[in-house]
Amino acid sequence: MEHKPYLTIEDAARIGAAAVAEARSHGWAVTIAVVDDGGQLLWLQRLDGAAPISAHIAPAKARTAALGRRESKVYEDMINQGRVSFLSAPVLEGMLEGGLPILAGAHCVGAVGVSGVKSAEDAQVARAGIAALAG
């Protein structure tokens, strides 16, 4: 039987704390979500001043990245390049930049989704969170 790594709640909290630190260092009011490999929410934090809708968008971006095993931006790019039929893909709702998969070797163990600032900045916060696992 094969074995695979998985995110613990401690991992999710460490990722979240690093993402919060990155967002606060820039004064960005965002919501950060960490999900497991099946897209189930493990950790969520809505920073002061973040728009209420960001608490829905961040987990959707994370879920999309976890289930698709790729950055949510890939789907946004496909749609923007004319493949609008992809909007009908089941379950995927956060097809916007800011959702990044968390990889452990060849395994996707979850994802981080961030919402609240420019898409590239959302992704920057997510990357900072994921980097905390390496350190």
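**Entry 1: the start of the chain.** I looked up His 3 and found that this residue is placed in the segment before α1. I note here that the model is a predicted one. Is His 3 buried or exposed? Its relative accessible area is 67%, and exposed means over 50%, so I recorded His 3 as exposed. I then checked how far His 3 lies from Leu 47, a residue 44 places away along the chain. Their C-alpha atoms are separated by 36 Å.

**Entry 2: a residue of the helix α1.** I moved on to Ala 13, which belongs to helix α1, residues 9-26. Its relative accessibility is 33%.

**Entry 3: helix α2.** I followed helix α2 through residues 54-68, a run of 15 residues. From its first C-alpha to its last I found 21 Å, close to the 21 Å expected at 1.5 Å a residue. Which residues of α2 are buried? I listed Ser 54, Ala 58, Pro 59, Ala 60, Lys 61, Ala 62, Thr 64, Ala 65, Ala 66 and Gly 68. Just after α2 I noted Arg 69, which takes a positive phi of about 60 degrees.

**Entry 4: the sheet.** I traced an open sheet of four strands and wrote down its order as β2-β1-β4-β3, with antiparallel pairing. Which strands form the edges? They are β2 and β3, each of which pairs on one side only. On average, I found neighbouring strands of this sheet turned by 15 degrees against each other, direction ignored.

Entry 5: I looked at β3 and β4, which run antiparallel and are joined by six bridges. Opposite Leu 103 I found Cys 108, a residue of β4. Finally, I returned to α2 and saw that this helix lies across β1, β2, β3 and β4. Its angle to β4 is about 155 degrees.

Technical notes: Residues are numbered from 1 along each chain as its sequence is written. This is a predicted model: local features need pLDDT of at least 70, side-chain atom pairs count only at pLDDT 80 or more; totals for chains, interfaces and linings use all residues. Side-chain values use heavy atoms; hydrogens and water are left out. Helices (H or I, at least four residues) and strands (E, at least two) are DSSP runs, numbered from the N terminus. Buried means under 20% relative accessible area, exposed over 50%, partly exposed in between (1.4 Å probe, protein chains only). The expected span of a helix is 1.5 Å times one less than its number of residues. Two strands pair if DSSP finds at least two bridges between them. Axes are lines fitted to C-alpha atoms, for helices over the stretch in contact, and angles run from 0 to 180 degrees between N-to-C directions. Contact means heavy atoms within 4.5 Å.
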